Amino acid sequence: MSDLFSLAAARDNKAKKPKDAYDASAIEVLEGLEPVRRRPGMYIGGTDERALHHLVAEVLDNSMDEAVAGHASDIWIALSADNRVEIRDNGRGIPVDPHPKFPKQSALEVILTTLHSGGKFSDKAYATSGGLHGVGVSVVNALSDDLHVQVMRDGQVWSQHYSRGAPQGKIKNTGTTKQRGTSIIFHPDAEIFGAGAKFKPERLYRMARSKAYLHRGVTIHWRCDPDTIKDQTPAEDTFHFAGGIRDYLTSELADRPLISRIFSGTADLSDKMGRVEWAIAWPDDEEDGFLNTYCNTVPTPEGGTHEAGLRTALARGIKAYGDRVGNKKAGLITAEDVVGRASGILSLFLRNPQFQGQTKEKLASAEATRLVDNAVKDHLDHWLADNPKDSTALLEFFIERAE
């Protein structure tokens with residue numbers, strides 16, 4: 001029997017390998033930024049209009065991280081007629097010295113060409129940050145057919161040019177300057193997004209304005225070519241909001257009547273985990289409410305654990321107030337009764353947050369629920385006690401909804 005198997009094996013070895021053979025040669029190993037170009041949806045959620053604008057968000061988040069960390073005061077965003085976006089800040093500037101692990105490359109080149117490289121994996125460079133995985137700017141580089149970066153650092157200007165993730169030459173010292181910061185200009189690749197893909201000024205304008213609301217210490221300068229505008233979006237504007245997200249909510253509500261004054265505040269989280277800021281109102285009309293949530297200035301449209309903490313805090317606080325004033329019907333109130341008609345903004349700054357997916361649309365950090373709940377409820381208890389007229393109006397409104 002063993003001879004028969006030997007003869008069969010010999011015949012198989014002599015036979016020509018079939019075209020559909022599955023062996024080691026069929027296993028591909030994608031290197032550098034090739035995985036991003038092959039499967040962009042894994043990194044920016046697709047190749048549609050939303051994904052296209054996510055490129056801008058990734059670069060802008062880096063500048064915002066510099067601002068939140070106290071190293072930048074101004075950010076400039078510009079859209080040109082040929083669909084190029086420039087984002088510049090006056091922060092520290094991306095390091096340009098040789099990287100210890102890759103001494104033949106500058107740290108700048110490593111950041112732009114290597115997935116999971118950056119200064120945000122620990123709290124050495126940033127206490128809190130929106131760019132967490134060292135993926136954002138390298139993904140933008142991979143999906144741009146033209147990208148130019150300029151770093152102003154230590155009195156010197158450094159420049160480098162890229163195309164589809166590949167450097168088009170070495171980093172160059174191009175002069176001296178008294179300024180500092182980083183400028184990135186990029187053009188999305190038509191091979192990825194299609195020849196007709198265009199950035200929309202109104203969408204970028206809203207993005208820039210919302211970022212300015214989320215951090216009171218930053219001024220954001222907006223500019224776009226007038227020929228790109230199809231609506232009432234200004235060609236130039238400057239955003240700086242001393243009132244933070246309270247100003248944001250006031251702007252969103254416009255002239256809608258409110259049951260009470262806006263409940264807003266900011267608080268440090270326990271265990272030195274960060275801080276939370278909120279602004280909540282209950283309009284006295286039939287329009288739908290909204291709750292816009294953010295973590296480290298990154299929008300989380302699907303909410304997550306920080307939103308759950310806010311919901312719990314509001315419901316617990318209102319019910320506890322009802323108990324204190326002897327209103328037995330307060331026990332009927334649920335979190336949905338309190339939050340369902342509310343309109344609000346929640347902004348959390350958290351150390352080492354965990355998101356669901358690279359596009360960070362939902363916060364998954366389990367501890368955020370407890371941290372936000374405890375921080376907000378303490379402030380709500382004092383606010384309700386100090387504003388009895390508003391508290392009574394809200395309590396009656398929630399009980400009516402519960403019944």
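Of the 403 residues in the protein, 48% are buried (under 20% relative accessible area, with a 1.4 Å probe and protein chains only). The model is a predicted one, in which local features need pLDDT of at least 70 and side-chain atom pairs count only at pLDDT 80 or more, whereas totals for chains, interfaces and linings use all residues. Residues are numbered from 1 along each chain as its sequence is written, and side-chain values use heavy atoms, with hydrogens and water left out.

The secondary structure comprises 13 helices and 14 strands, taken as DSSP runs (H or I of at least four residues for helices, E of at least two for strands) numbered from the N terminus. Of the contacts (heavy atoms within 4.5 Å) between residues at least 6 apart in sequence, 68% join residues at least 24 apart.

Helix 4 (residues 49–68) and helix 8 (residues 201–214) have axes, fitted to C-alpha atoms over the stretch in contact, that come within 11 Å and cross at roughly 30°, on a scale from 0 to 180 degrees between N-to-C directions. Helix 4 is therefore roughly parallel to helix 8 (angles under 35 degrees). Residues of helix 4 in this contact include His-53, Val-56 and Leu-60, while those of helix 8 include Leu-204 and Met-207.

Helix 12 (residues 367–386) and helix 13 (residues 388–402) pack with axes 5 Å apart at an angle of about 105°, which means that helix 12 is roughly perpendicular to helix 13 (65 to 115 degrees). Trp-383, Leu-384, Ala-385 and Asp-386 in helix 12 meet Pro-388, Asp-390, Ser-391 and Leu-394 in helix 13.

Methods: Buried < 20%, exposed > 50% of the residue type's maximum accessible area, 1.4 Å probe, protein only. Parallel < 35°, antiparallel > 145°, perpendicular 65-115°, else oblique.
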